[in-house]
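I opened a new notebook page for this structure. My plan is to look up one thing at a time and write down what I find.

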Number of protein chains: 2
Amino acid sequence: MSPRHDVRGPVLIVGTGLLGTSLGLALRGLGIEVGLQNRSPSSLHLARDLGAGTPAGPDFRPSLVVVATPPDVIVPHVVAALRHHPDAVVTDVASVKGGLSEAVAAEAGDAVARYVGSHPMAGRERSGAAAADSDLYQGRTWVICPHESADAGAVAAVRRLAIAVGSLPVVLEAAEHDAAVAAVSHVPQLVASLTATRLADLPAEALGLAGQGVRDVTRIAASDPMMWSAILAANAGAVLPHAEALLSSLEEVVGALRTAAVDGPGAPGVMKAFAGVIEDGRRGVARIPGKHGGAARRYAEVTVLVPDKPGELGRLFAEIGDATINIEDLRLEHAAGAKLGVATLSVLPARAAELTAHLEELGWRVMA
Amino acid sequence: MSPRHDVRGPVLIVGTGLLGTSLGLALRGLGIEVGLQNRSPSSLHLARDLGAGTPAGPDFRPSLVVVATPPDVIVPHVVAALRHHPDAVVTDVASVKGGLSEAVAAEAGDAVARYVGSHPMAGRERSGAAAADSDLYQGRTWVICPHESADAGAVAAVRRLAIAVGSLPVVLEAAEHDAAVAAVSHVPQLVASLTATRLADLPAEALGLAGQGVRDVTRIAASDPMMWSAILAANAGAVLPHAEALLSSLEEVVGALRTAAVDGPGAPGVMKAFAGVIEDGRRGVARIPGKHGGAARRYAEVTVLVPDKPGELGRLFAEIGDATINIEDLRLEHAAGAKLGVATLSVLPARAAELTAHLEELGWRVMA
């Protein structure tokens with residue numbers, strides 16, 4: 001039987017939370033020997049019972065060590081792993097990479113050559129070994145941040161690990177990585193939380209008017225406070241310039257709102273200020289890549305009204321399936337209190353008319 | 001044949017943009033006589049050709065007038081309608097309601113009793129008659145804002161209109177309506193635009209790390225600048241207190257980021273400040289009602305890996321349909337560059353195991 005991967009085992013996983021346990025499950029599924037370590041015996045035994053690997057004693061000899069502990073204890077664990085396993089490559093999965101290799105080098109000296117930091121962009125709303133899944137890394141981006149003195153062989157070992165569990169490896173410098181996640185992840189988390197805070201004291205009737213817009217803007221506000229506090233604190237330097245720019249834009253908006261509230265909506269400068277904010281946002285959102293990492297591609301949208309009774313959405317899915325037209329994206333929306341949902345299907349523009357005709361023929365109400 | 005509605009016609013629609021033309025189509029579909037007026041003859045003729053009604057001359061005698069013009073000319077059109085049609089009920093569809101009835105009363109005197117402002121919460125990313133659809137109002141909330149001197153019969157006529165075109169009428173005072181949409185619609189639009197602006201100058205590699213979070217937060221940033229500038233200007237008084245509170249929270253966040261950037265993530269007060277922001281956001285987002293306007297209900301999520309090749313998503317839909325399990329919600333996610341999508345299906349907790357077993361039996365990779 002030909003191997004389905006080229007990871008050199010055994011692999012030692014330090015930390016059996018969501019990321020560590022999921023990685024163990026994925027590697028065990030490939031037939032790779034996995035040793036597990038965790039400060040808490042009960043968490044360790046849960047990961048073992050789930051099939052993520054075997055508790056590793058002091059004589060376990062890994063080729064690769066993955067440190068998947070909370071961010072504040074990453075460095076001592078990486079240093080310890082480099083010392084105890086003098087032939088192993090060591091990586092970690094922390095979501096902020098700046099300063100890690102310097103801190104490791106300060107303690108471990110030249111052994112830092114065997115350390116390569118990385119950040120698999122995988123996660124769930126739940127945490128801990130109990131939420132683990134062998135498919136967690138499938139289809140995700142796994143950022144690798146080699147420092148200047150990293151061995152090429154160590155970088156290649158981390159890349160092979162990412163590919164083996166189904167991720168897409170992307171190489172970035174630590175500072176580039178931290179600046180990128182500040183803008184595309186940490187700032188959106190902050191504003192989602194600040195916007196959701198505005199809903200906390202509204203009357204129930206007001207919340208009844210909440211549509212898809214505010215739901216989308218605030219969805220990630222449900223995230224874990226401890227994890228996010230640690231991430232924001234660790235990446236403060238990269239988040240700060242974005243937060244300052246946001247603050248300054250918001251000050252201008254508040255100024256325009258005050259003028260409009262006092263002097264009326266037609267007061268000089270008011271429309272220009274608001275239009276500028278919306279225009280700038282349009283330029284920004286247009287830069288988010290579409291599917292497959294390419295430039296944003298325009299799909300045609302076909303909107304279908306779905307009676308909200310059992311089986312109707314299932315029937316829609318079945319009948320879309322029968323059409324053998326590739327659905328590129330799908331969005332569902334429900335009005336509060338209405339017995340009707342709205343499904344928006346994205347398809348290649350060339351196929352939209354065909355899908356519309358197919359669905360209308362079957363009795364669906366379609367908004368072209 | 002029994003009538004499918006109890007709207008008393010004819011209906012005059014002033015303004016043949018997206019909302020006016022869509023309303024005409026819906027009413028014509030019910031067999032109601034519709035007259036159309038628009039300053040621009042070409043827009044008027046397009047609406048007529050689409051089947052939204054007939055251009056109305058000065059001797060058209062409506063029972064109900066709907067003013068669907070841009071917000072800055074609503075009041076003169078409402079006043080003119082009250083004068084020219086002394087027996088008609090008059091409503092409008094502007095998204096900011098405060099001050100309208102007072103402005104109408106100042107010009108039209110006691111005739112204001114026949115005016116009842118309203119706001120159908122329907123819209124699309126496209127605008128104009130060409131984007132119109134007879135189903136635009138289906139399943140949407142239609143807010144009705146009667147003022148103190150409004151006739152009960154006029155309020156009832158607007159309510160019957162909303163119900164006839166498939167909307168759910170909700171009665172709110174104008175000030176309550178404006179305060180509600182400030183928090184659940186106008187502030188989310190502002191922060192989505194401000195956050196998207198942060199993406200405008202990022203390197204392409206950084207945007208390659210964009211996941212579902214930032215896509216959700218910034219989706220509505222693609223909206224129309226002219227329309228949104230007018231809305232923000234008109235509702236400045238209600239948006240201002242939320243924007244000021246947001247500004248003050250953001251100032252605290254920037255302070256904590258500066259402390260963390262200078263004194264390190266362990267500096268006193270840093271973790272407490274960030275955890276407070278995330279906790280407050282969690283309280284706010286938890287107040288958004290779930291489906292059917294009820295309290296948020298917990299669904300179980302079943303996550304399925306979908307190979308990104310033609311027909312696979314269709315096959316998934318077909319096989320979900322075969323299971324005859326009601327899918328309450330669905331989310332699709334694609335990693336940049338990965339040939340794999342992740343579909344998250346929400347179902348009643350009691351049905352999750354059954355759906356998982358059904359899909360696994362058919363060869364799908366499911367993350368429970």
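**Terms first.** I call two residues in contact if their C-beta atoms, placed from the backbone, lie within 7 Å. Helices (H or I, at least four residues) and strands (E, at least two) are DSSP runs, numbered from the N terminus. I call a residue buried if 20 or more other C-beta atoms lie within 10 Å of its own, exposed if 12 or fewer, and partly exposed in between; these C-beta atoms are also placed from the backbone.

**What I am looking at.** This is a predicted model: local features need pLDDT of at least 70, side-chain atom pairs count only at pLDDT 80 or more, and totals for chains, interfaces and linings use all residues. Residues are numbered from 1 along each chain as its sequence is written, while chains are lettered from A and ligands numbered from 1 in the order in which they are written.

**Chain A overall.** I looked up the helices and strands of chain A and found 13 helices and 12 strands. Its C-alpha atoms fill a box of roughly 70 × 55 × 40 Å, taken along the principal axes. Of the 368 residues in chain A, 51% are buried. I then took the contacts in chain A between residues at least 6 apart in sequence: 68% of them join residues at least 24 apart.

**How the two chains relate.** I laid chain B on chain A. The same surface serves both copies, as 100% of the contact residues of chain B recur in chain A.

**The interface.** How many residues of chain B are in contact with chain A? I found 124, and they meet 125 residues of chain A. Helix α10 (residues 236–263) of chain B gives the most to this side, with 19 residues. By class, the side of chain B that touches chain A has 74 nonpolar, 28 polar and 22 charged residues. Here Ala, Val, Leu, Ile, Met, Phe, Trp, Tyr, Cys and Pro count as nonpolar, Asp, Glu, Lys and Arg as charged, and the others, Gly among them, as polar.

**Helix α9 of chain B.** I checked residues 225–234 next. This helix is mostly covered, with 7 of its 10 residues buried. Among them are B:Trp228, B:Ile231 and B:Leu232. What do the buried residues of α9(B) pack against? In chain A, they pack against α10 (236–263) and α11 (270–285). In chain B, they pack against α6 (174–197) and α10.

**Nonpolar cores.** A nonpolar core is a set of buried Ala, Val, Leu, Ile, Met, Phe, Trp, Tyr and Cys residues joined through C-beta atoms within 7 Å. The largest has 214 residues, and A:Val78 and B:Val78 touch the most other members. Leaving out residues up to four places away in sequence, A:Val78 touches A:Val67, A:Val90, A:Asp92, A:Val104 and A:Tyr115. A second, separate core has 27 residues, including A:Ala318 and B:Val304.

**A:Asp92.** I followed one of those contacts. A:Asp92 is found in strand β5 (residues 89–92) of chain A. Is A:Asp92 buried or exposed? It counts as buried, because it has 27 C-beta neighbours inside 10 Å. Its contacts beyond four places in sequence include A:Ile74 and A:Gly117.

**B:Gly109, for contrast.** B:Gly109 lies in the loop between α4 (100–108) and β6 (117–120) of chain B. B:Gly109 has 11 C-beta neighbours inside 10 Å, so it counts as exposed.

**Helix α12 of chain B.** The 12 residues of this helix (312–323) should span 16 Å at 1.5 Å a residue. The rule is 1.5 Å times one less than the number of residues. The end C-alpha atoms are 17 Å apart, which agrees. In α12(B), the residues B:Leu313, B:Leu316, B:Phe317, B:Ile320 and B:Gly321 are buried. Seen down the axis, they fall within an arc of 135°, so they line one face of the helix. That arc is taken from the directions from the helix axis to the C-beta atoms.

Most residues other than glycine have a negative phi, and most peptide bonds are trans. Just after α12(B), B:Thr324 takes a positive phi of about 45°. The peptide bond from A:Gly9 to A:Pro10 is cis, with omega near -10°. The bond from B:Gly9 to B:Pro10 is cis, with omega near -10°.
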